[in-house]
Structure formats: structure tokens, C-alpha cells
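Take each task slowly, and try it yourself before reading the solution.

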Amino acid sequence: MATIWVDADACPVVIKEILFRAAERTSTPMTLVANQPVRVPPSRFIRSVQVTAGYDVADNEIVQRCEADDLVITSDIPLAAEVIDKGATALSPRGERHTRANIRARLNMRDFMDTMRASGLHTGGPPALNQQDRKAFADQLDKWLAASRRKS
């Protein structure tokens, strides 16, 4: 059965709550990976894994453990690219589905923005998560869950 993996260090609480309800409702295994303790509700389907602190340690753990057909929730574009290469699906907390068709362009834009920030340009962070983002996320999650059930 496919598993949901969550890059939990930066995942908004409201998105985690949507995931908790979905995992419980559909009996889908879900693991939150972070380098700090993460609270999860009591459930036989939901667990958390705490990894050591360090650059990309949680990301590397997700890449190592995820398999084809799993779902990875992350805002991290390089992590999304790695799991897509393994055949998994990558979904951002804003409901943006990363695919083989769009991930290279997103990596290029991320690298460009890193270069701009390194040169001293203040680009600001992403806007706050809004109701449209939450709905887009829930819709994409439901699509993945339905497709996953059909495969099983």
C-alpha cells in the first residue's frame, strides 16, 4: 500500500491536520519526518520519525524510505525532484503537484532566486497560506488517494 511522507519541519499545521484526517479516514499509512519532535494524533496509521539535526537529513530520510507510488508532501523543490525520480508523487502544501514535466523549470527558478538572494536582493518569503491554498491541497490529496485506492 502506498504511503504518505511529510517533510514535517516546514509543513503548516493546518495542512498536517488535513493529512491526519485523510490518513485516518482512508486507512493510509503516513509518516512525518522532522529533525525535531512532531506531535501526531494517536492512530495506527500515523507516525513520526525524528532524525538528527543537519542540512537535508530529513529530506535524505524521505528519499531513502519512499517508494514508487508514494506521496511526498514538501515545499522543498530539490526533494520533490528526487522523489519524482523514484516514481513517487510530490505535492506542495499549497496544492501544487510537482511532475516530471514541471520540476526542472521549478528547480531552475529556485536556483535563480537563490542567486538573487545571494547577491543581496530581498525577495521576501511566500505569502501566507490562504483558504484557496488549503482547498487546492485537499483537492490534490483527494485525487491522489482515489488513484491510490484504484491501484490497490
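A crossing of two helices is left-handed if the near helix is turned anticlockwise from the far one by less than a right angle, and right-handed if clockwise. The model is predicted, so local features need pLDDT of at least 70 and side-chain atom pairs count only at pLDDT 80 or more, while totals for chains, interfaces and linings use all residues. Residues are numbered from 1 along each chain as its sequence is written, and side-chain values use heavy atoms, with hydrogens and water left out.

**Exercise 1. Describe how H1 and H5 pack.**

Step 1: Find the helices, which are DSSP runs (H or I, at least four residues; strands are E, at least two) numbered from the N terminus. H1 covers residues 13–26, and H5 covers 131–151.

Step 2: Take the angle and distance. The angle is about 25° and the axes are 11 Å apart. Axes here are lines fitted to C-alpha atoms, for helices over the stretch in contact, and angles run from 0 to 180 degrees between N-to-C directions.

Step 3: Name the arrangement. Angles under 35 degrees count as roughly parallel, over 145 as roughly antiparallel, 65 to 115 as roughly perpendicular and the rest as oblique. H1 and H5 are therefore roughly parallel, and their crossing is right-handed.

Step 4: Look at the contact (heavy atoms within 4.5 Å). Residues of H1 taking part include Ile15, Ile18 and Leu19, and those of H5 include Phe137, Ala138 and Leu141. The contact residues divide into nine nonpolar, one polar and four charged. Here Ala, Val, Leu, Ile, Met, Phe, Trp, Tyr, Cys and Pro count as nonpolar, Asp, Glu, Lys and Arg as charged, and the others, Gly among them, as polar.

**Exercise 2. Which residues line the largest cavity?**

Step 1: Know the term. On a 1 Å grid over the protein atoms alone, a cavity is a set of points where a 1.4 Å probe fits but cannot get out, and a pocket is an open set with protein on both sides within 12 Å along at least five of seven lines; lining residues have an atom within 4 Å of a point.

Step 2: The largest cavity has a volume of about 40 Å³.

Step 3: Its lining is Leu71, Thr89, Leu91, Arg97, Gln140, Lys143 and Trp144. H5 gives the most, three residues.

Conventions: Points joined across faces, edges and corners; volume = space filled by probe spheres on them.
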